[in-house]
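Thank you all for coming.

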Amino acid sequence: MSNPRKSPAFTPREVVGELDRYIVGQNAAKRAVAIALRNRWRRQQVSDDLRDEIHPKNIIMIGPTGVGKTEIARRLAKLAQAPFVKVEASKFTEVGYVGRDVESMVRDLVESAIALVRDEEMEKVRERAIELAEDRLAQLLSGNGPAARPSGGMGFMAPPPPPPAVPRLGDAEREKLRARLRAGTLDDQEVEVETAEGGSPTFMRNFSGQGMEEIGVNLQDLFKNMPGMNRSRRRKVRAPEALKLMEQEESARLVDTDRVNREAIVRAETSGIIFIDEIDKIASREGGGKGGPDVSREGVQRDILPIVEGSTVNTKYGQVKTDHMLFIAAGAFHVSKPSDLIPELQGRFPIRVELEPLSGEDLVRILREPRNSLLRQYTALLDTEGVRLDFSDDAVAEIARIAQDVNERTENIGARRLHTVLERLLDEVSFTASEQGPKTLRIDAVYVRERLASVVQDEDLSRYIL
């Protein structure tokens with residue numbers, strides 16, 4: 001298993017450099033999260049008696065939508081190989097009201113940590129799982145596969161008797177079939193495999209996830225282990241699909257679930273990142289008094305406070321401490337401001353970073369520079385149809401100018417405006433690409449203006465289309 005001391009030890013400058021590959025500008029926010037990540041590594045190096053006393057410095061990002069707040073946190077978590085969960089503060093309600101309770105964010109983080117650790121462990125046993133899956137498939141293809149199990153009853157009826165033993169293949173015959181499997185000569189063969197039926201029992205589907213969050217016992221797991229509840233069915237599939245199904249089963253069998261759960265809890269406690277978006281929506285409005293919705297908003301803040309301060313949350317995998325989780329909050333704060341949060345919560349977010357609105361130059365860089373830039377994405381998509389897009393520099397500048405203009409005249413949604421502008425610009429070629437055959441489409445500023453002029457000039461129309 002991984003050790004928190006051996007997590008990737010990026011320097012702050014290296015973290016900023018990695019974030020620069022995907023996010024344009026916002027250097028202050030990048031520096032803040034880079035320092036927070038490095039401080040986690042530093043904490044692991046200090047003596048044991050002092051380590052527990054060092055708590056992360058939580059961060060509030062302040063800035064309009066579409067400037068990179070969420071993306072910075074998500075890329076940081078991926079870079080650090082840390083469990084990450086994004087929640088919206090406006091989805092939570094005060095204890096006693098209908099809605100999600102704040103502890104669910106910690107439970108979601110633990111689920112994310114378990115998925116992360118399980119994937120790492122399954123990758124370690126992948127080669128062994130493939131060998132075992134090939135052995136099972138070779139046995140089926142030889143005609144000596146296990147007989148079909150009789151279907152069991154429901155409820156507390158006795159389970160069906162085990163199927164009779166079948167003769168094992170010899171080593172030479174098994175290796176011969178394994179070689180044919182790897183060569184692909186048996187891809188058209190069909191075999192009958194047994195797969196577990198997904199989903200919950202019918203009566204469990206009537207329970208709401210939100211209403212069941214405070215129940216300590218996981219009813220679905222409880223009923224799953226009852227006789228007759230863990231049902232499976234047999235179906236015919238081709239050999240490659242059967243091999244994948246068997247590989248997944250063997251990987252799950254080789255991985256120690258209890259060990260994964262223990263490691264995931266440690267990972268969530270020591271390196272988990274919880275991103276709380278729209279925190280400005282639960283701030284009391286300035287001068288709004290103490291009545292109406294402000295009471296509920298303040299109640300949510302007081303419920304979040306012990307989670308951020310450090311508390312113990314019960315999950316179905318055990319107790320989880322939040323003392324050393326990193327919390328990154330974000331909000332536009334158009335109507336309210338950070339000082340409208342309750343003082344206790346303000347004190348738990350000592351680092352405040354303001355993200356700047358995107359300029360026209362920033363939009364040009366966003367279109368060109370990131371590894372996952374929009375122009376690269378659209379070019380790759382249409383290249384699958386044989387249509388090669390060639391964007392000139394003046395076209396990129398014109399797209400950015402139009403996006404900035406619409407942002408200024410309507411609602412400023414930042415870089416997300418580029419998505420709507422490009423969809424409108426490439427609407428015709430996206431629709432007809434499959435009929436045109438291989439070609440190169442040169443997109444310059446004139447083409448951009450022709451395609452978007454009518455929409456941009458009509459302000460009422462641009463509100464609905466761009």
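Which residues does D277 touch, not counting residues up to four places away in sequence? The answer is T70, K86, V87, E88, A89 and A330, where a contact means heavy atoms within 4.5 Å.

Before I go on, a word about what we are looking at. This is a predicted model, in which local features need pLDDT of at least 70 and side-chain atom pairs count only at pLDDT 80 or more, whereas totals for chains, interfaces and linings use all residues. Residues are numbered from 1 along each chain as its sequence is written, and side-chain values use heavy atoms, with hydrogens and water left out.

Now back to D277, which lies in strand 5, residues 273-277; helices (H or I, at least four residues) and strands (E, at least two) are DSSP runs, numbered from the N terminus. D277 counts as buried because its relative accessible area is 14%, and buried means under 20%, exposed over 50% and partly exposed in between, with a 1.4 Å probe and protein chains only. E278 sits in the loop between strand 5 and helix 11, and at 24% relative accessibility E278 is partly exposed. E278 also has a positive phi of about 55 degrees, although it is not a glycine. Q81, in the loop between helix 4 and strand 2 (84-88), likewise has a positive phi of about 55 degrees without being a glycine, and Q81 is partly exposed at 44%.

Let me step back to the whole chain. The chain has 19 helices and 11 strands, and buried residues make up 41% of its 466 residues. Of the contacts with a separation of 6 or more, 79% are between residues 24 or more positions apart.

Next, the interior. In soluble globular proteins, nonpolar side chains tend to be buried together.

As for I443, its contacts beyond the neighbours within four places in sequence are L389, D390, F391, S392, A395, L426 and V448. A395 is also one of the buried residues of helix 15, a list that includes I399, I402 and V406 as well.

Finally, the pockets. A pocket is found on a 1 Å grid over the protein atoms alone, as an open set of points where a 1.4 Å probe fits, with protein on both sides within 12 Å along at least five of seven lines, and lining residues have an atom within 4 Å of a point. The largest pocket has a volume of about 950 Å³, a volume being the space filled by probe spheres set on the points, which are joined across faces, edges and corners. It is lined by 37 residues, of which T65, G66, V67, G68 and R416 are the closest to its centre. Helix 4 gives the most to this lining, with 4 residues.
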